[in-house]
Amino acid sequence: MISLQQLEALQQRLSVLESEKRVSACMNQYMRLCDDLAPGFELKNLMALFTDDAIWEGKGQRYAKTFGRYEGIDAIENMFAKYATSPGHFNLNVHFLGNETITIDGDKATGTWLLVQPSDFIDGRSQLSCAQIKATFVLSEQACQISHFVTENKFSRPMAQPWDNSAALPVPE
């Protein structure tokens with residue numbers, strides 16, 4: 001028979017696991033929406049992932065200079081709006097996350113991920129980038145939101161050929 005103390009410990013462990021799942025889902029949703037940044041993109045769903053006082057920043061020698069730092073939801077929205085206006089920035093943009101670690105501390109969480117991002121740009125260039133993502137989150141009954149997002153470049157490499165190719169895929173005959 002399980003004791004009340006054991007039941008409370010199980011409830012606590014379950015709560016932490018559910019919170020970790022919510023943080024992971026929030027970051028995956030963020031990346032999925034960023035995959036679709038293009039002219040006409042509706043920023044409402046992306047901005048709903050951030051707290052009103054959130055900070056979004058590029059860190060390190062390359063990303064601090066390239067992206068900078070944005071404080072507050074309006075500044076973050078203005079930064080993303082540049083990617084959602086014509087003529088656009090990406091022809092292809094895909095975010096792959098791995099090496100996830102999440103730590104829950106009450107109604108706050110911290111997570112880290114490794115991001116690999118192949119991109120084709122509308123100016124014809126292509127690139128492969130890798131970044132360390134670190135983010136803090138606020139958890140409430142209603143939402144899991146990013147309060148501080150940091151991206152730091154690990155490497156970037158121009159590619160001689162676009163990632164996407166319209167050639168037919170080979171399949172077994």
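Visitor: How many bridges pair E5 and strand E6, and in which sense do they run?

Guide: This model is predicted. E5 and E6, the latter spanning residues 126-139, pair over 13 bridges in the antiparallel sense.

Visitor: Which other strands does E5 pair with?

Guide: Take strand E4, residues 96-105. Eight bridges pair E4 with E5, again antiparallel. Their hairpin has two residues between the strands, and Gly106 there takes a positive phi near 65°. Then take strand E3, residues 90-93. Three bridges join E3 to E5, residues 108-121, and the two run antiparallel.

Visitor: How do I follow the pairing residue by residue?

Guide: Start at Thr112. Thr112 in E5 is the bridge partner of Thr101. In E6, the partner of Thr112 is Lys134. For another pair, find Asn93, which stands opposite Ser119 in E5.

Visitor: Where do side chains point in a strand?

Guide: In a regular strand they alternate between the two faces of the sheet.

Visitor: Which residues form the negative surface patch?

Guide: Glu42, Asp52, Asp53, Asp74 and Glu77 form it. Strand E1 (50-59) and helix H4 (73-81) each give two or more residues to this patch.

Visitor: Is Asp53 buried or exposed?

Guide: Exposed means over 50% relative accessible area. Asp53 has 60% relative accessibility, so Asp53 counts as exposed. Look for Asp53 in strand E1.

Methods. Residues are numbered from 1 along each chain as its sequence is written. This is a predicted model: local features need pLDDT of at least 70, side-chain atom pairs count only at pLDDT 80 or more; totals for chains, interfaces and linings use all residues. Side-chain values use heavy atoms; hydrogens and water are left out. Patches are made of residues with over 30% relative accessible area and no salt bridge: like charges are joined within 9 Å, nonpolar side chains (Val, Leu, Ile, Met, Phe, Trp, Tyr) within 5 Å. Accessible areas come from the Shrake-Rupley method with a 1.4 Å probe; for residues, only the protein chains shown count as cover. A salt bridge is a side-chain nitrogen of Lys or Arg within 4 Å of a carboxyl oxygen of Asp or Glu. Lys and Arg count as positive and Asp and Glu as negative; His and the chain ends are not counted. The place of a charge is taken as NZ of Lys, CZ of Arg, CG of Asp or CD of Glu. Helices (H or I, at least four residues) and strands (E, at least two) are DSSP runs, numbered from the N terminus. Buried means under 20% relative accessible area, exposed over 50%, partly exposed in between (1.4 Å probe, protein chains only). Two strands pair if DSSP finds at least two bridges between them.
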